[in-house]
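Visitor: I'm new to this. Could you walk me through the picture, please?

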Amino acid sequence: MHEPPPFVHLHARSHFSLLSAPVEVETLVAAAAADGQTALALTDNGNLFGAVEHFRACKKHGIKPILGQSTYVASRTAKEPAGPDNQTADLTLLAANDRGFDNLKKLSGRSWLEGFSYRPRVDLDMLHEHREGLIALSGTTQSQLALAVQQGDLAAAHKTALRLRELFGPDNFFLEVAETNSEVQRKVTRGLRQLGAELGIPCVATNDVHYLKQEDWLAQDIMLCIRSGKSVADQARFRMGSHELHLKTRAEMAAAFADWPEALANTLAIAERCAVGIEFGIYHVPVFATPD
């Protein structure tokens with residue numbers, strides 16, 4: 001039997017993405033390891049709550065932990081409320097080293113304390129300030145770049161891609177593509193593939209993971225109903241655009257990207273660059289000078 005090529009999931013959520021993903025960290029990591037995947041990124045929505053649990057689980061199962069976050073970015077500024085003129089998009093951030101993890105923690109903290117409006121948000125100024133040690137993927141179909149592609153605004157897509165490449169550096173920015181049996185995703189992937197060829201920006205394959213197995217889409221769908229206060233039968237409620245946002249195996253990803261092995265290979269190249277260490281058994285208590 002032909003061995004599927006290596007692949008690493010660089011965009012996966014856990015139950016720490018509250019009411020968005022039903023899968024626990026340990027279960028996610030165990031499944032990735034059982035499939036022969038050598039690393040796994042945890043990129044929960046707007047938080048790093050599962051980072052330590054993910055790190056421990058990966059070490060337990062003998063795979064590399066990659067610490068990241070699906071970061072919400074305000075199009076104009078995080079200091080003002082979200083709205084039509086200050087829309088929120090997503091961006092996938094991965095810590096390449098300890099410095100990057102420190103910056104990711106700072107971005108996460110600032111997003112909740114300074115930028116919260118419906119969601120914890122950062123903006124381009126915050127990203128620029130804390131960009132060192134980070135690898136950025138362009139995000140899901142709700143990223144600023146993907147939305148420009150969906151709207152057919154190629155000029156805006158070019159401008160956004162170049163701005164992000166300049167912000168993070170040419171070696172640290174990738175266009176995130178997926179094949180999830182969704183027409184919207186197909187359009188975005190086609191557009192990003194063309195954009196990458198034109199601008200010389202590499203593409204990397206992900207699957208926007210929200211649950212473990214394909215049949216778990218229903219559990220996630222019910223979670224979305226709870227989150228929005230809607231019933232399952234409500235035709236106007238929010239739905240995900242695909243029922244394939246599961247932790248696909250290497251074989252499934254190889255089949256989805258049969259004509260594009262470079263997108264799979266880039267997941268390995270990124271994973272090899274990510275090396276974050278977390279010390280345990282040591283207290284990191286801030287020094288506080290008490291008054292006389």
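Visitor: What volume does the second largest pocket have?
Guide: About 290 Å³, where a volume is the space filled by probe spheres set on grid points joined across faces, edges and corners. Mind you, this is a predicted model, where local features need pLDDT of at least 70, side-chain atom pairs count only at pLDDT 80 or more, and totals for chains, interfaces and linings use all residues. Residues are numbered from 1 along each chain as its sequence is written, and side-chain values use heavy atoms, with hydrogens and water left out.

Visitor: Which residues that line the second largest pocket are closest to its centre?
Guide: Of the 13 lining residues, those are Ser 75, Gln 87, Gln 144, Leu 147 and Thr 160. Helix 6 gives the largest share of that lining, 4 residues.

Visitor: Why is helix 6 called oblique to helix 7?
Guide: Helix 6 (residues 154-168) and helix 7 (residues 183-199) pack at about 60°, with their axes 11 Å apart. Under 35 degrees counts as roughly parallel, over 145 as roughly antiparallel, 65 to 115 as roughly perpendicular and the rest as oblique. So that angle makes helix 6 oblique to helix 7.

Visitor: Which residues of helix 7 make the contact?
Guide: Leu 195, Glu 198 and Leu 199, meeting Ala 157, His 158, Ala 161, Leu 162 and Arg 165 of helix 6; contact means heavy atoms within 4.5 Å. They divide into 5 nonpolar, 1 polar and 2 charged.

Visitor: And how much space lies in the largest pocket?
Guide: About 930 Å³. Among the residues closest to its centre are Tyr 72 and Phe 238.

Note on methods:
Axes fitted to C-alpha atoms, helices over the stretch in contact; angles between N-to-C directions. Helix = DSSP H or I, 4+ residues; strand = E, 2+ residues; numbered from the N terminus. Nonpolar A, V, L, I, M, F, W, Y, C, P; charged D, E, K, R; others polar. 1 Å grid on protein atoms, 1.4 Å probe; cavity = no way out; pocket = protein on both sides within 12 Å on 5 of 7 lines; lining within 4 Å.
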